[in-house]
Amino acid sequence: MPLKTREEYIESLRGLKQKVYLFGELIENPVDHPIIRPSLNSIAMTYKLAENPEYEEIMTTKSHLTGNKINRFCNIHQSTKDLINKVKMQRLCGQKTASCFQRCVGMDAFNAVYSTSFETDLAYKTDYHERFKKYMIYVQDNDLVVDGAMTDPKGDRSLAPSKQEDLDLYLRVVERRKDGVIVRGAKAHQTGMVNSHEILVMPTVSMGPDDKDFAISFSVPTDTEGIISIYGRQSCDTRKLEKDIDIDVGNFNFGGHETLTIFNDVFVPNERIFLNGEVEFAGMLVERFAGYHRQSYGGCKVGVGDVLIGASALAAEYNGVSKASHIKDKIIEMIHLNETLYSCGIACSSEGEKTKSGNYQIDLLLANVCKQNITRFPYEISRLAEDIAGGIMVTMPSEKDFRDPNIGPYIEKYLKGVGKVKTENRMRILRLIENMTLGSAAVGYRTESMHGAGSPQAQRIMIGRQSNLKEKKKLAMNIARIEE
Ligand code: SF4
Ligand code: FE
């Protein structure tokens, strides 16, 4: 089957019967809901760009399983070049949406499950890898969006899954049957769940022998009986509900979303299970998925950063300060920080290595350094953007006032910047910066930069583990002529 077009993707979602709650209501038609739709448009962009011959090399590739042309978001990376192209694709998608386009979590989960299932089979003589390959062919042939689901609610963080007072705080197997398992629990912060055809579940922490029921990885359609999603609130989300409003939303067409997704005794057939009780492989799966997703941020956040830098430069121009040396320097600083993040994404990809299963994995140390920088630089880039934009970004009157025949002319007159720029355009750029630094897109550009793919401390632990300090001490001893 050929790649899905943007329109075919949107139509395919209409066929899903997901249970989605927002503001206490079950949403009949998520596809056309004004709060949800911008997030759908962002994923739809991953289809639209794949249709464009200009982006063919970045957005598409050949399946190593079928030989068919596929969207790169469905790829099992076959080389370091693939890893690099992945980052470039994410930067491009970030540039075109200025938000989270959600499809990466599935791609990162595919690659982590692919190699981990292979190694689990080697140790246990199971057949998870073959099952997973069949699943990947289904995903690729139908050009699906898959929500990669890792984060459990986790309850008391000091206790292992099996020691929680409420065992459902980590998703677990509650019944084993001949033909499959029944699972119960929840996954939090589910990026893009409502816009996904499938959900691919993984464990969220390393596990011990008592945690067998929690060491489970599987996939099911997102509208499987027993699954419900509760849509996450975002700053300024209800602006999207205001009638005839466009400027005040900041980024009218695009956005991202997260859900709290609950599994109320959901049946998973055997052919969709990719880990089931092999606790020592839970940690490998977590580490690999996190590594891939930490690489991902070296692409997507950089693309969004490109838009924010462009918006800041325009705000400066509209204010008539673009020639001031300190403004020029601030823009250069933003570019320097953004390109440093990109360098990290490219570096961990270039240094990637083949796994036992044959797919390629990023360099874990460099991927963790990449994400650690992501927990900081977008904040500094946002600070500089707000500095350049000026206070008017947060005190400006509403679009309704601007459109009002009596009040509007005052806004037109007193919010004017340089003569040739329309007041409306100045307002548009300021609202875009507000959206990206404080509004609904700030979820993706700021707080997600902090906590997505693991909070800063998780990367520091990995950096400590991967960095080979012993070797560095040896180097120093050699130079200092110390013999011990
Ligand atoms: Fe992709 Fe970035 Fe969104 Fe993660 S945060 S799903 S890497 S766009
Ligand atoms: Fe994320």
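Let's start with ligand 1: the residues around it, meaning those with a heavy atom within 4 Å, are Cys100, Phe101, Gln102, Cys104, Thr191, His293, Ser296, Tyr297, Cys300, Lys301 and Glu448. This is a predicted model, in which local features need pLDDT of at least 70, side-chain atom pairs count only at pLDDT 80 or more, and totals for chains, interfaces and linings use all residues. Residues are numbered from 1 along each chain, ligands are numbered from 1 in the order in which they are written, and side-chain values use heavy atoms, without hydrogens and water.

Helix H7 (residues 280-319) gives the largest share of this shell, five residues; helices are DSSP runs of at least four residues, numbered from the N terminus. Sorted by class, the shell has five nonpolar, four polar and two charged residues, with Tyr and Cys counted as nonpolar, Lys and Glu as charged.

Now for the iron ion, ligand 2. Its donors (N, O and S atoms within 2.8 Å of the metal, or 3.2 Å for Na, K and Ca) are Tyr297 (OH) and Glu448 (OE), at 2.3 to 2.4 Å. Tyr297 lies in helix H7 and Glu448 in helix H15 (residues 442-451), so the pair ties together parts that are 151 residues apart in sequence.

| Residue | Relative accessibility | Class |
|---|---|---|
| Tyr297 | 2% | buried |
| Glu448 | 12% | buried |
| Ile407 | 40% | partly exposed |

Ile407 sits in the loop between helix H12 (399-403) and helix H13 (408-414).

Conventions. Helix = DSSP H or I, 4+ residues; strand = E, 2+ residues; numbered from the N terminus. Buried < 20%, exposed > 50% of the residue type's maximum accessible area, 1.4 Å probe, protein only.
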